[in-house]
Amino acid sequence: MAFFRSRPKPAPEPAPHAGYFALHEAYGDDTPVSDKFDDWDRRLGTTQPDTAHRLWFGRRRSWWIVRAIAALIALFIVIVAWLAVTAPLSKSLQPIAPPELTLLASDGTPIARNGAVIGKPVEVAQLPDHVVEAFMAIEDRRFYSHWGIDPRGMARAAWTGYGGGSTITQQLAKFTFLTPEQTLTRKAREMLIAFWLEAWLTKDEILERYLSNAYFGDNVYGLRAASLHYFYRQPERLKPDQAAMLAGLVQAPSRYAPTKHYERAARRMKLVVGSMEDAGYITAAEARAMRPPRLDVRPNKALPTGTYFADWALPQGRQLAEAGYGGQTLTTTLDSRLQAIARRATQRVPGKAQVALVAMRPNGEVVAMIGGKDYARSPFNRATQARRQPGSTFKLFVWLAALRSGMSPDDMIDNREITTGSYRPKNAGGNYSASITLEDAFARSSNVAAVRLLKTVGSENVIATARDLGVQAPLAQGDPSLALGTSTMTLLELTSAYAGVAANQFPVRPHAFATPKQGWLAKAWEWSRHESLSGRTHRDIEQMMRAAVSRGTGRAAALSVPAFGKTGTSQDYRDALFVGYAGDLVVGVWVGNDDNTPLNGVTGGSIPARIWRDFMAQALGKSAPRPAPAPGASEDPGTPVEPMDVPGPDAIPTAEFPIDDRSRVRIGGEGVTVTTDIEGLPVDVRLDRDGLRVQPAPTPTPSAPPAPGGP
């Protein structure tokens with residue numbers, strides 16, 4: 001047992017590693033760790049700079065540098081994008097003013113000219129050296145050596161007081177992209193755009209765009225137009241003295257225009273010549289020999305720069321005209337023959353009253369327009385700008401809404417005086433009856449019937465009908481006076497609505513230029529946007545409109561051909577209208593005072609109806625005698641049948657004229673009187689509503705002798 005040896009115990013396993021190593025083991029000695037760290041920091045401090053000196057606001061310098069570069073790149077991208085939107089290079093290729101636009105009538109007759117005179121662009125390579133040098137000498141002497149901004153030129157301008165502080169590139173940026181306001185913000189944008197132009201265009205391209213857009217006075221833009229206007233020669237053939245004078249105009253075109261201020265232009269030209277000498281473009285001898293040139297301004301065929309039709313058509317023409325240099329010519333729908341007829345027909349308006357007339361085709365092509373008596377005195381267009389009450393012409397929409405709801409012209413409606421409620425309209429002349437057909441009520445323009453019909457149909461349906469026919473004017477829903485045309489609108493708008501009835505396709509949009517031919521797909525789309533009346537409704541409304549002309553309030557407008565229309569008179573005789581159509585013409589006529597004062601009894605059935613008839617008779621090529629009304633059966637209204645929209649008998653002027661040396665005719669009041677003698681006895685033969693009467697003529701009263709000194 002004693003000789004038996006026991007096994008040694010195994011050594012304990014080391015504990016798991018804690019995840020770190022003792023640094024002191026690296027030194028191979030037993031130096032305390034804290035001492036080793038202090039020595040390490042001391043040694044690092046002698047080989048590396050202080051970390052605090054390498055930080056900016058708690059970040060390394062490299063961090064800030066990278067982000068600064070990124071910010072600059074982002075800012076550059078934003079500026080390029082902003083310039084691409086606000087200052088597209090293509091804009092510098094467009095004229096800075098609307099080019100001259102000449103409007104022609106449909107037969108090619110010039111009727112108006114409007115806009116600036118702008119010539120075609122020039123090419124620097126085709127211009128003589130002295131032309132380019134003249135502009136560079138006075139405007140930008142270092143043009144070909146700077147990058148859009150010239151500090152030396154700015155300093156020279158500040159020191160000498162002339163020469164221009166802005167470069168040619170800056171001037172192009174200013175009048176092409178910017179407004180003329182003088183602010184630091186605008187100047188900063190000008191410089192920025194100048195750099196933008198210099199980066200993307202060549203020097204010659206910048207100079208060409210500058211010369212092609214600069215203003216030279218007299219409503220002339222561009223070097224080509226200016227050289228033709230002042231010297232009647234192309235810029236490629238300009239002489240040195242002519243080029244020097246043109247170069248001097250750019251600084252202040254209105255002040256130096258030689259056609260109005262030749263002496264100023266000559267003095268300015270001497271300054272340009274001196275600059276050319278200083279720049280070395282010409283010698284001193286050449287500068288002394290250069291004299292102000294003689295102008296060669298050719299007379300331009302004068303055209304009116306504005307008429308009522310031209311003023312209305314011009315905005316449409318600008319949309320149709322192609323953008324670019326040079327004048328353009330557009331043919332309008334105006335018929336010069338019909339325009340002349342319209343002018344003659346509207347001359348009958350007496351006194352200070354104004355007149356307006358619109359004539360169009362059923363498709364909306366305006367062929368004649370009168371906006372007032374005298375454009376030179378008042379260019380305000382009363383056909384397109386004046387909003388006046390249409391009066392009874394608005395009843396078209398009331399009756400049409402009734403027909404669309406299922407009613408017919410033979411339906412009866414109460415025509416008695418309205419004695420209850422807050423709104424009590426009256427019929428003209430105080431003519432009422434127990435009932436009346438819709439057709440007769442429309443023909444005689446019954447006000448009480450119109451108000452009752454509006455209530456029956458509903459004002460919302462009447463307004464919807466007006467909207468369908470293209471009326472955009474505000475219309476008061478629920479207002480009973482709407483039936484009598486108290487809502488204001490323009491004559492053009494009202495006439496277009498009647499054109500929709502004439503064509504039975506609405507709405508009709510009035511236009512001054514012929515619609516280009518469309519393909520079948522475009523026609524189908526256009527057709528889908530229009531509405532039309534049913535065949536029965538269209539026949540019924542035309543039947544009533546014809547009755548208004550043949551036997552109603554519009555009898556003064558009757559023609560030898562079928563005519564359809566409606567009279568209108570606003571409250572207190574402030575507006576008088578007749579709107580209707582015959583043949584292929586739709587015409588609206590308005591008469592009224594600009595200050596909205598009464599017209600002394602003028603109604604739509606008087607002067608406007610006669611103007612309408614005179615125009616239509618000549619326009620359609622017919623003598624248009626007044627036809628006898630066709631007989632027709634109608635129910636007795638119980639009262640004398642009298643028009644409700646024409647003046648009474650007392651308002652008819654008296655006329656007297658001789659038949660022979662013993663007889664004369666007097667027309668006036670309510671009849672016609674023929675005064676003659678039978679076997680020496682004077683008698684009056686009178687015809688009036690009471691029949692034919694023969695009675696002795698009154699003995700004439702001896703007239704007093706003329707006063708001394710009288711005529």
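Phenylalanine 135 is buried, with a relative accessible area of 1%; buried means under 20% relative accessible area, exposed over 50%, and partly exposed in between, with a 1.4 Å probe and protein chains only. The model is predicted, so local features need pLDDT of at least 70 and side-chain atom pairs count only at pLDDT 80 or more, while totals for chains, interfaces and linings use all residues. Residues are numbered from 1 along each chain as its sequence is written, and side-chain values use heavy atoms, with hydrogens and water left out.

The structure holds nine aromatic pairs. Rings of Phe, Tyr and Trp (its six-membered ring) pair if their centres lie within 6.5 Å; planes under 30 degrees apart count as stacked, over 60 as edge-to-face and the rest as tilted. Phenylalanine 135 and phenylalanine 216 have ring centres 6.3 Å apart and planes at 85°, so this pair is edge-to-face. Phenylalanine 135 lies in helix H4 and phenylalanine 216 in the loop between helix H8 (203-213) and strand S6 (220-221), so the pair ties together parts 81 residues apart in sequence. Helices (H or I, at least four residues) and strands (E, at least two) are DSSP runs, numbered from the N terminus. Phenylalanine 216 is also buried, at 0%.

Tyrosine 308 and tyrosine 375 form another edge-to-face pair, 5.1 Å centre to centre with 85° between the planes. Tyrosine 308 belongs to helix H14 (residues 308-320) and tyrosine 375 to the loop between strand S9 (366-370) and helix H16 (395-404), 67 residues apart. Tyrosine 308 counts as buried at 4% relative accessibility, whereas tyrosine 375, at 26%, counts as partly exposed.

Helix H4 (129-139) also meets helix H12: the buried residues of H12 pack against H4, helix H10 (240-249), helix H11 (253-256) and helix H13 (284-289). Those buried residues are Ala265, Ala266, Arg268, Met269, Val272, Val273, Ser275 and Met276. The expected span of a helix is 1.5 Å times one less than its number of residues. For the 17 residues of H12 (residues 262-278) this gives 24 Å, and the end C-alpha atoms are 24 Å apart, which agrees. Just after H12, glycine 280 takes a positive phi of about 85°.

Serine 459 is placed in helix H19 (residues 459-468) and counts as buried at 9% relative accessibility. Its side chain reaches the backbone nitrogen of glycine 478 at 2.9 Å. Beyond its neighbours within four places in sequence, serine 459 is in contact (heavy atoms within 4.5 Å) with Leu454, Gln477, Gly478 and Leu482.

Methods. Polar contact = N/O pair within 3.5 Å; in protein donor to acceptor, adjacent residues only side chain to side chain.
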